[in-house]
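Dear colleague,

I am handing over the structure below, together with notes on what was found in it. Please read them with the model open beside you.

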Amino acid sequence: MSVPARLDELYAIGGGTRAGYSPEEDEAHELAAGWMRDAGLEVERDVPGNLFGKRGVARIWSGSHLDTVPDGGRFDGALGVVAAIEAAARLRDLPLAVVAFRAEETGPMGSRRLAELPEAFIEVHIEQGPVLEDAGEPLGIVSSVIGQARGSKTFEGRAAHAGTTPMEARSDALVEAARFVLHVRESAQGGAVATVGAVEVEPGAANVIPGRATASLDLRAPTTESLDALIEAIGFDLAWRQDPVAMSGPPREALRAVLPDAPELVSGAGHDAMVLAAAGVPTAMLFVRSLNGGASHCPDELSSAEDIELAVDALTKTLARLSASDQAGV
Ligand code: GLV
Ligand code: MN
Ligand code: MN
């Protein structure tokens with residue numbers, strides 16, 4: 001089955017909504033496990049639930065994630081898993097592992113809890129932005145992934161009757177959260193971005209003044225210093241942060257040798273590759289051109305079958321090259 005056909009099959013599970021550790025993500029992992037076996041790989045799962053298809057002494061890994069944001073696209077994450085399975089099928093004798101990490105969108109949760117690390121990792125991913133489309137280039141090599149922080153801020157008010165409580169007597173948690181959302185927007189400057197993407201309101205009824213509101217925070221910044229400054233300026237409960245991280249070492253060199261003319265770009269999105277690189281694994285990322293102006297995290301997300309084939313071909317050659325240099329001990 002072709003890579004686009006497999007992406008269609010995955011998309012049909014949950015209609016683009018496969019939350020991390022949900023039954024839909026489980027089903028996607030089951031489907032991918034079958035494709036791994038067809039590609040001559042032995043299927044394993046680790047304690048966090050990451051799925052591996054291994055062949056031989058698998059020191060080189062390729063893959064991505066199968067969870068999605070709510071109503072997401074069909075390429076984010078899935079493309080990297082399906083492309084790696086296809087490359088493994090084309091490289092029948094090569095020792096390697098294909099991996100589908102758990103819950104990238106809400107963590108990343110699976111790649112941050114790995115018990116073992118590979119010697120090299122390569123992730124194919126849709127670009128999720130307009131750079132390659134604007135440049136007329138099908139593929140790009142990622143130079144680094146920008147820094148990221150996540151967390152939340154909770155506002156406490158007093159739940160009360162929406163009809164009988166005078167305006168001046170109210171303590172409305174959602175009104176405070178609304179002011180905070182504007183503060184977040186104004187704090188992000190100089191290439192940094194910051195987003196409140198979800199607000200939980202309690203008790204959450206039309207006729208009750210909100211007693212508590214909890215805003216989610218997602219911050220991105222190009223340098224460690226600018227990420228520190230943004231966290232400080234916004235002020236919230238930090239759950240997780242990741243400094244900017246460079247793609248480097250033999251996987252990046254092998255990808256560059258296979259694609260000597262491909263442009264380089266910085267990833268503004270977070271990835272499992274970022275987690276592995278930060279853990280010290282030599283890591284590379286190959287971006288595939290996004291169409292539709294770079295639309296992503298929505299159903300309009302699109303890459304062409306032609307560009308995907310170029311990416312699978314480049315991944316296959318890069319894995320072969322990397323494996324040859326690994327076996328030669330260089
Ligand atoms: C992953 O999709 C991210 O939020 O960057
Ligand atoms: Mn992704
Ligand atoms: Mn995503």
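Strand 6 and strand 14 (residues 245-246) run antiparallel and are joined by 2 bridges, with valine 145 having valine 245 as its bridge partner in strand 14. Please bear in mind throughout that this is a predicted model. Strand 6 also pairs with strand 16 (residues 283-288), in the antiparallel sense and over 3 bridges, and there the bridge partner of isoleucine 141 is leucine 286. With strand 15, on the other hand, strand 6 runs parallel, the two being joined by 4 bridges, among them one in which serine 144 has valine 266 as its partner. Strand 6, which spans residues 139-145, is mostly covered, since 6 of its 7 residues are buried.

Strand 15 (264-267) comes up again in the pockets, where it and strand 7 are the elements that give two or more residues to the lining of the second largest pocket. Strand 15 gives the most to that lining, with 3 residues. The second largest pocket has a volume of about 340 Å³, and of the 26 residues that line it, Gln128, Arg220, Gly268, Ala269 and Gly270 are the closest to its centre. Divided by class, this lining holds 8 nonpolar, 12 polar and 6 charged residues.

The largest pocket has a volume of about 420 Å³, and it is lined by 16 residues, of which Arg150, Gly197, Ser216, Leu217 and Asp218 are the closest to its centre. Two or more residues of this lining come from each of strand 7 (147-156), strand 9 (193-195), strand 12 (212-221) and strand 13 (237-242), and strand 12 contributes the largest share, 4 residues. By class, the lining of the largest pocket divides into 5 nonpolar, 7 polar and 4 charged residues.

Turning to the metals, which residues coordinate the manganese ion (ligand 2)? The donors are His65 (NE2), Asp76 (OD) and His125 (NE2), at 2.0 to 2.2 Å, and in sequence these donor residues are spaced H-x10-D-x48-H. Histidine 65, in strand 3 (residues 60-65), and histidine 125, in strand 5 (residues 120-126), are 60 residues apart, so that the pair links distant parts of the chain. Both histidine 65 and histidine 125 are buried. Aspartate 76 bridges the manganese ion (ligand 2) and the manganese ion (ligand 3), and these two ions lie 3.6 Å apart.

With best regards

Key: Residues numbered from 1 in each chain as written. Chains lettered and ligands numbered in written order. Predicted model: local features only at pLDDT ≥ 70, side-chain atom pairs only at ≥ 80, totals over all residues. Heavy atoms only, no water. 1 Å grid on protein atoms, 1.4 Å probe; cavity = no way out; pocket = protein on both sides within 12 Å on 5 of 7 lines; lining within 4 Å. Points joined across faces, edges and corners; volume = space filled by probe spheres on them. Nonpolar A, V, L, I, M, F, W, Y, C, P; charged D, E, K, R; others polar. Donors = N, O, S within 2.8 Å, 3.2 Å for Na, K, Ca; no water. Buried < 20%, exposed > 50% of the residue type's maximum accessible area, 1.4 Å probe, protein only. Pairing = 2+ DSSP bridges.
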